Amino acid sequence: MTLTSASFKSYILALTTLFEEKKDELCELDRKIGDGDHGVTMNIGYQAVKETIQNELATQDDISKISVAVGKSFLDAVGSSVGPLYASGYLKGAVAIKNKTELNDEGLYQYWIAFCKGIKDRGKAEIGDKTMIDTLEPFYKSLAHAQQSGESFVDAFQVALAEAKQGMESTKDIVSNKGRSKRLGYRSQGHVDPGAMSAYLMLDTFKSFI
Ligand SMILES: [Mg+2]
C-alpha cells in the first residue's frame with residue numbers, strides 16, 4: 001500500500017478528533033489510578049498539533065518534516081509527562097523515513113517501528129510496568145517480525161493491532177510500579193492504564209488510513 005502525505009495529515013487530524021471525544025473517558029480512567037489529567041493532556045497536545053497541521057504544514061508534503069513538526073508542537077503544548085514521550089516517537093519515526101512524500105510498505109514498517117522504539121528508549125519502561133509500553137512494545141515487535149517474514153503491511157498491521165489491544169488490556173491486572181500511579185500500589189489494580197489506552201486508540205485510528 002501507499003500512504004500519501006495528505007493521508008498522513010488526515011490521520012493526525014483524526015487524532016485531534018479522537019482525543020476531543022475521549023477526553024473525559026481518559027480523565028475518568030486516570031482519576032482511578034493517577035492525577036486525572038491524561039485526557040486533558042492528550043487533548044491539549046493534539047489541539048496544538050491541529051493548529052500546526054492547518055497552518056505551518058498546510059503546503060508541506062514531506063512526511064518526515066510533518067512528523068517532526070507534529071512532535072515539536074505536541075511537546076511545546078504538553079511539556080511534561082507524555083509530551084517528551086510522543087515527541088520522541090514522532091522525531092524517531094521521522095528520522096526513519098527522511099525525504100519521503102509517501103510511504104510504501106517498507107516505509108510504513110520503518111516509521112511505526114521507529115516511532116514505538118523512540119518512545120520505549122525515551123521512557124525506559126518495560127512490559128508489565130503498566131504504561132503505554134504495554135501497548136506499544138507488542139505492537140512494534142509484531143510488526144518487526146512480520147517485516148522480516150516479508151508480509152504485507154496491511155495484514156501485519158491488523159495482527160500487530162490485536163497484539164497492542166491485548167497488551168493494553170493486560171494493564172488492568174497489573175499493580176502499578178512506574179509513574180505517578182506507583183504510590184497507589186494495589187489500588188491501581190483493576191483499571192486499564194490510561195496511557196496504554198490512549199496509545200491503543202492512536203494505533204487503532206490508523207486502521208482507517210490503510
Ligand atoms: Mg496523569
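The model is a predicted one.

**Stop 1: the magnesium ion**

Begin by selecting the magnesium ion together with Asp-30, Asp-35 and Asp-37. These three residues are the protein donors of the ion, each through an OD atom, at 2.0 to 2.6 Å from it. Along the chain, the donors follow the spacing D-x4-D-x1-D. Now colour two of them by accessibility. Asp-30 has a relative accessibility of 8%, and because buried means under 20%, Asp-30 counts as buried. Asp-35, at 37% relative accessibility, counts as partly exposed.

**Stop 2: helix 6**

Next, select residues 105–123, which form helix 6. This helix has 19 residues and reaches 27 Å from its first C-alpha to its last, close to the 27 Å expected at 1.5 Å a residue. Return to the helix itself and show its buried residues, among them Gly-107, Leu-108, Tyr-111, Trp-112, Phe-115 and Lys-120.

**Stop 3: Trp-112 and the nonpolar core**

Within the largest nonpolar core, which has 58 residues, Tyr-86 and Trp-112 touch the most other members. In soluble globular proteins, nonpolar side chains tend to be buried together. Which residues is Trp-112 in contact with, leaving aside its neighbours within four places in sequence? They are Tyr-11, Phe-139, Leu-143, Phe-153, Met-202, Leu-203 and Phe-206.

**Stop 4**

Finally, go to Leu-3, whose place is in strand 1 (residues 3–4). Leu-3 is buried, with a relative accessible area of 1%. Select Phe-209 as well: Leu-3 and Phe-209 are 206 residues apart in sequence, yet 7.7 Å apart in space, C-alpha to C-alpha. Not counting residues up to four places away in sequence, Leu-3 touches several residues, including Leu-108, Phe-206 and Phe-209. Leu-108 is one of the buried residues of helix 6, and Phe-206 is also in contact with Trp-112.

Then select Ser-5, which lies in helix 1 (residues 5–21). Is Ser-5 buried or exposed? At 11% relative accessibility, Ser-5 counts as buried. Beyond residues up to four places away in sequence, Ser-5 touches Asp-61, Ile-63, Ile-66 and Thr-101. Ile-63 and Thr-101 are also touched by Leu-3.

How values were computed. Residues numbered from 1 in each chain as written. Predicted model: local features only at pLDDT ≥ 70, side-chain atom pairs only at ≥ 80, totals over all residues. Heavy atoms only, no water. Donors = N, O, S within 2.8 Å, 3.2 Å for Na, K, Ca; no water. Buried < 20%, exposed > 50% of the residue type's maximum accessible area, 1.4 Å probe, protein only. Core = buried A, V, L, I, M, F, W, Y, C linked by side-chain atoms within 4.5 Å. Contact = heavy atoms within 4.5 Å. Helix = DSSP H or I, 4+ residues; strand = E, 2+ residues; numbered from the N terminus. Expected span 1.5 Å × (residues − 1).
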